[in-house]
Structure formats: structure tokens, C-alpha cells
Amino acid sequence: MDAPHDGLVVVVKQDCPTCVLTVPVLAELAGLVVYSQDDPDFPAEVAGRVYDSELDASHRLRVEIVPTLIRFAGGLEVDRTYGWDRVEWERVSGRAGLGAGLPAMRPGCGAKNVEPGILERLKVRHGETGIIARRVAIGSGEDEIEAMFERGWSDGLPLVPPTEERVLRMLGGTARDPQEVVGVVPSDLVEATVEKIAINAVMAGCKPEYLPVVLAAVEAVLAEPFAMHGVLATTMYVGPVVVVNGPVRRQIGMNARGNALGQGNRANATIGRAVQLVIRNIGGGRPQEVDRATLGNPGKYTYCFAEDEEGSCWEPLSVERGIAPGKSAVTVFAGYGLQGVVDQKSREPESLTRSFAECMKAIYNIKLAPACDAMVVISPEHERTYREAGWSKQQVYDALYRLTEMDGDDLVAGAHGIAEGGPASYAGRKIAKFRQGGLMIVRAGGGAGMFSGIIGGWSASGERGSAPVTKEVKG
Amino acid sequence: MTALLDPTAERSPSIRPRLARPPTIDGLTVGIVDISKARGDVFLDRLDVRLQERGIATRRYMKPTMARPAPLALRQQIGTEVQLVIQGLAD
């Protein structure tokens, strides 16, 4: 039954105490059309009731609260009120003395048609999503997961099917316009819209509240200094490593502690995966095509973790890189793998730093310097040594740059019986393993274990290749 | 039937036909592009010598870094100055 040309409509649900309270009033209003959202027999006392089983009428009437009373005149809505408020109901209905035995006012309840999950389904059915991506029809006999593999959308693992409902819910995670361009994705140099990124975030398994972090990470890897095309195309191991700072880490339940770089946390796992899917699907960057990696690394499925700011005596990475304290941010780094730094005996910062430095000299090849940028992930039990000695993060940086300078005599090609190495001009000089500004320290990991890690970078680090980029997470 | 939203750029790959090979390189100018990979110059220097021995004019170009695509201005310069290009892709 459609809404009347002239007259009153009310939308109710049996599950709402205020709706139940107003039943005597509904019976008083002759000619009233009552849409019931959840029970075909409610309210039993009213003849003109319509079961809005699919909630289409409620949706068309834009009902958000039940009961909602609407008056139509000449086919158009002319007035409405919601909840129970005698004065308002009398004004809208034009009838005096309604609900004599009822309290003057009671707040209403949330309408069923705007419940999460239901609203998205209604918007899809009514063509109101605003999503412009091409719809790909999957036959009823086809397996959706297999169909996505066959279309080349997958990184090798099963994907969550990006239905219009799921993508709409994902877009609800940000206030940004779905058609806003976040960046230009290599290698096809295609503009990535919020909508296209949301589709890939659905496939990666993200929840809507992760989307702002995914958007910031995509924006960061597409920023010019990151040189995403080169990171994609290189024969070396690297891919984007995403470090998350600020309140959003806890809001979305990221892991910064035990096994922070490992499996088991949905946000960590799916945010990094979404970034890779964006490169693959929007930019067309696929292994053995433009991605020329010789070996790659397992982090190219996903490589994302949070810094344990609460456990750290140092400022967060994002603050060090210019983001205001208390703001959420992502930092992306072209990195690969994890090289352990095991030191269970050092109790003095000088000794521990020498351990770090010796391990770091081995990145790529102990004969190669300068090598690449590196991210040092310091575990709680190692950080404790610096904390108790009162070392600032800057002191650690300074010591690491100094202690990773190497004797050129050891680096010259052929030295120590290894053909790899630097030019003869290295002889007699000190050669820096890392460029100034090429190291980043992050604090993460579980409480037990004197085990830190080094994430190596790309030989083309800095201005001649990829430099780390930090972006604030916007809503 | 289920409808999924396309996660790709929705572009058909644009396939451009290759230029026809010239019947001879006599009288043409050959661009030799060094992409700044280690030892690429060793290979390209040798080619340069061999071409010049045959009386073929060459021009040398160099990308600022192998890690990034060639700047547009460089690509345009190459396109206007030579008819053939030889590029050393790997070390």
C-alpha cells in the first residue's frame, strides 16, 4: 500500500516500547496508515496496518526514528514528528486530546531500516549508493572466490567479494568524497579514487574503520618521494612497509606488542594487504610483469604494524617526522624482511649499540657500503637498556651512524677474497654504511625477549630512489 | 547472480603497434640511453664505438637515476633528436 494522497502515515515497530505505548493513539486516528517494520500483526488494534517486510516504504519515507508520524496533503509530505510528544502529534494530526492516559512525552527508538547492514542493502536496492565502479556479474553457478582469482584480482590468497553493500559500508569509514583522487598509481598511472581504494580494502578484509589508515598509506606510497614505480619495478626485494602511529592504532585494535610484525591481527594484516592490492589492481603492477623482483619477500603480501608508543621512552616515529603529538599518522618505507639482532648479554647502551651496528653492517653484503636505508625495530627489553641509561633516541641514531662507518680497506672489491665490493678509491678511508637521515627507529614487540630487528631498504634510497613518507590519517 | 564491483582501473590495455623496422640504419641517428645502472656504460660505450666505426651517427643520453622513470623532458628530447634508441636495461 502506498502512502495516502491526503492523510496520516505512521511507521512503528513492535520492538519499540514507545510504539507500543502509542497503540491507543493509533486506534484513535481514523484513516491512519500504519507501517509495521517487524511484525505483521502489530498493532492488532489498528485496521489500516501494512507490514513493511522489506522496509522499502520506511526507506522511501526516510524514517530514522519510530514512531514517525507524517501528514500528506495533495500527495506531498507537509509535516512530520517522531517519538511520542502529545503536543507535536496533535499539531501534525490536527486532532486534539490524543492519548489522554499517556505521559506527555517519550523518546522514540531507532528505526529498523537504518540499522547497519539493512540501510546499505536498501540503498543498493534503491540505486542510491553513488558508487560508479563497473559491476561485474558473477553467474549463479560460479564460485565468487574462484571468479576473483580468474580475473587476476588476487595476491594469491582468497579475497572478500567486493559487493556493493560491502563497499558502501567500507565507504562509511571515511568522510572523504568517494570520487576524490588520492593519488596516481603506477605502473599504469591511473588515478586512485577513494571508491576504488575502498573496493580493494574490502577485498583485503579491512573493516570500515581501517579505511582512513589505508587511504593515508596509499597517499603516502603515491607521494613523489616514495617513487612507487621504482619500488614496484626493481629486481630487489622491497615493498611498502607501513608503520602506524597515534590514537588510531588503539581505536582499530592494531598490534604493537607481541608478534607485532607477525600474523594474527586483522588490522595489521589487512591494511598492508590493501595497499598492495591497490598497486596490483588499480595500477596494474603485477609480479613478473612490471614487478621485476628477483625474490621479493613475504612482506609483499602485507607489511604493516603499529609502534608501541605507550611502552616507549622516546617520541613516536610520526612526531620525529613532523606530525603533531596526539595525531594519527602512517609512515611508509620501502623495505623487506627482518634481520634479527640477538643480544642477551649487553646491559650497557654502548655495548648494545655496537651489537646493533655490527648486525646492520651485514645488510645486503658486508662488502657493500653505502647500502640502503634501514628501519630498526627495537624491542622492549633492548629499549630498557637505553631507558635506564637515559639515552635519547637521537643519541642512539648518532651512535649507529658512527658505529656503522666501515674501513674502506675491508670494502674494496676483492678484499677478504670476495669479488664484490667498492672501488679501489675506498682504501684508507672510512665509508658510511647508511646515508645521514637514512635510519629510522621504531619501538615495538612483546615484553620478553632481547630480540630486535632490522628492516633493510632499497639500494636506491633517498633522493635518487625512494625516501620514507609520513602522512597524517584524516577522517 | 552476484554483482561485484570492479577493483581495477577499468581500462582496456592500449596496444600500440611498434614502429616498422627501418630497412637500414645508414643515415639515421641512434640514441644510446644509459639508465644509470652500474656498468651499463661499459656495454653502451662498446656499442657506440661499433656504430661509429660503421659511420652511424650516435647521441648519448643518461637518466638521472635508474630508480625513476625518465623525465618527460628527456623523453621528448630523445624523441626529437634520434630515429632509433638503444637502451641498456640491466647490469
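Tutor: Let's start with chain B, which has 2 helices and 4 strands (DSSP runs numbered from the N terminus: H or I of at least four residues for helices, E of at least two for strands). Keep in mind that this is a predicted model, where local features need pLDDT of at least 70, side-chain atom pairs count only at pLDDT 80 or more, and totals for chains, interfaces and linings use all residues. Residues are numbered from 1 along each chain as its sequence is written, while chains are lettered from A and ligands numbered from 1 in the order in which they are written.

Along the principal axes, its C-alpha atoms fill a box of roughly 65 × 35 × 25 Å. Of the 91 residues in chain B, 11% are buried, meaning 20 or more other C-beta atoms, placed from the backbone, within 10 Å of the residue's own; 12 or fewer makes a residue exposed, and in between it is partly exposed.

Now for the sheet in chain B: it is open, has 3 strands in the order β3-β2-β4, and its pairing is parallel (two strands pair if DSSP finds at least two bridges between them). At the edges sit β3 (57-62) and β4 (84-88) of chain B, each pairing on one side only. From one strand to the next, the twist averages 25° (axes are lines fitted to C-alpha atoms, for helices over the stretch in contact, and angles run from 0 to 180 degrees between N-to-C directions). Look at strand β2 (residues 29-34) of chain B, which pairs with β4(B) in the parallel sense over 5 bridges. To find that pairing on screen, pick Gly31(B), which stands opposite Val85(B) in β4(B).

Helix α1 (residues 40-53) of chain B packs on this sheet, touching β2, β3 and β4 of chain B, and its direction makes about 170° with that of β2(B). Helix α2 (residues 72-81) of chain B also packs on the sheet and touches β2, β3 and β4 of chain B; here the angle with β2(B) is about 155°. As for contacts (C-beta atoms, placed from the backbone, within 7 Å), 74% of those in chain B with a separation of 6 or more join residues 24 or more positions apart.

So where does chain B meet chain A? The contact takes 33 residues from chain A and 16 residues from chain B. On the chain A side, β10 (135-138), α7 (164-171), α8 (194-204), α10 (228-233) and α12 (266-282) each supply at least two residues. That side has 16 nonpolar, 10 polar and 7 charged residues (Ala, Val, Leu, Ile, Met, Phe, Trp, Tyr, Cys and Pro count as nonpolar, Asp, Glu, Lys and Arg as charged, and the others, Gly among them, as polar). Strands also pair across the two chains: β10(A) and strand β1 (residues 2-5) of chain B run antiparallel over 4 bridges. Within that pairing, Val136(A) has Leu4(B) as its bridge partner.

Finally, here's the partner itself. Chain A has 17 helices and 21 strands. Its radius of gyration is 30 Å, well over the 23 Å that the globule rule gives for 475 residues, so chain A too is more spread out than a compact globule. Buried residues make up 48% of chain A. It is divided into domain 1 (7-112) and domain 2 (146-472), bounds that come from an automatic or database domain assignment. The C-alpha centres of these two domains lie 56 Å apart. Chain A has an open sheet too, with 5 strands in the order β3-β2-β1-β5-β6 and mixed pairing. Its edge strands are β3 (49-51) and β6 (76-82) of chain A, and the twist averages 20° from one strand to the next. For a hairpin, turn to β11(A) and β12(A), which have 4 residues between them; Leu189(A) in the turn has a positive phi of about 55°.

Key. Rg over C-alpha atoms; globule rule 2.2 N^0.38 Å. Contact = placed C-beta atoms within 7 Å.
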